[in-house]
Amino acid sequence: MRDPDHLFVYGTLLPGEVRWRFLAPYVTGPGPSDTVPGRLYDTRYGYPAAVFTGSARIRGRVYRLRDDNRERALAHLDEVESVEECEYRRVIVTTGSGVRAWAYEFLDRIDPRFRLLPGGNWLTRR
């Protein structure tokens with residue numbers, strides 16, 4: 001099976017958030033709302049931590065990556081999301097609408113000071 005050509009985002013890569021500028025040049029289309037199984041935490045450091053297990057849902061958007069620079073986009077986003085520092089890893093998820101997509105999963109342990117976000121929505125964290 002080939003690699004996904006979509007990216008599911010749920011936090012700082014969303015439109016209007018601090019890292020959207022890193023993703024925007026690499027996507028096409030409006031990025032419809034979607035969900036994936038998992039739990040979303042507010043780390044209290046200005047970014048979320050997602051764990052893609054369990055029956056709860058994480059709310060976000062799924063974007064199609066442009067064909068002409070998909071590999072460059074993923075390499076750049078891996079850097080932005082601290083993949084090399086082993087804070088996050090890029091994994092394949094299947095969204096509620098059935099789209100196979102890349103997503104960034106938190107690798108470290110969930111600190112007890114992190115706050116579980118009810119409803120799995122980063123945009124309603126305040």
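Helix α2, which spans residues 70–80, is followed by S82, a residue with a positive phi, near 60°. Helices here are DSSP runs of H or I with at least four residues, strands are DSSP runs of E with at least two, and both are numbered from the N terminus. The model is a predicted one, in which local features need pLDDT of at least 70 and side-chain atom pairs count only at pLDDT 80 or more, while totals for chains, interfaces and linings use all residues. Residues are numbered from 1 along each chain as its sequence is written, and side-chain values use heavy atoms, with hydrogens and water left out.

The buried residues of α2 are R70, A73, L74, L77, D78 and V80, where buried means under 20% relative accessible area, exposed means over 50%, and partly exposed lies in between, with a 1.4 Å probe and protein chains only. An α-helix has 3.6 residues a turn, so residues three or four places apart point the same way. The face turned away from the buried side carries the exposed residues E71, R72 and E79. On the buried side, α2 packs against β1 (6–9), α1 (20–23), β6 (57–65), β7 and β8, and contact here means heavy atoms within 4.5 Å.

**The nonpolar core**

A nonpolar core is a set of buried Ala, Val, Leu, Ile, Met, Phe, Trp, Tyr and Cys residues joined through side-chain atoms within 4.5 Å. The largest one has 34 residues, and those with the most contacts inside it are L7, F8, Y10, L23, F52, I58 and V93. Two or more residues come from each of β1, β4 (39–42), β5 (48–51), β6, α2, β7 and β8, and β8 gives the most, with five residues. Leaving aside neighbours within four places in sequence, L7 is in contact with residues including L23, L77 and W102.

**Strand pairing**

Two strands pair if DSSP finds at least two bridges between them.

| Strands | Bridges | Bridge partners |
|---|---|---|
| β1 and β6 | four | V9 and R61 |
| β3 and β6 | five | V36 and I58 |
| β4 and β9 | two | D42 and R115 |

Three strands form an open antiparallel sheet in the order β5-β4-β9. Since β5 and β9 (115–116) stand at the edges, each with a single partner strand, one side of each is left without a neighbour in the sheet.

**Two loop residues**

P32 is found in the loop between β2 (27–28) and β3 (33–37), and it counts as partly exposed because its relative accessibility is 46%. P32 and R61 are 29 residues apart in sequence, but 5.4 Å apart in space, C-alpha to C-alpha. Not counting residues up to four places away in sequence, P32 touches G60, R61 and V62.

T95 lies in the loop between β7 (88–94) and β8 (100–106), and it counts as buried because its relative accessibility is 4%. Leaving aside neighbours within four places in sequence, T95 is in contact with F8, D34, T35, V36, R57 and V62.
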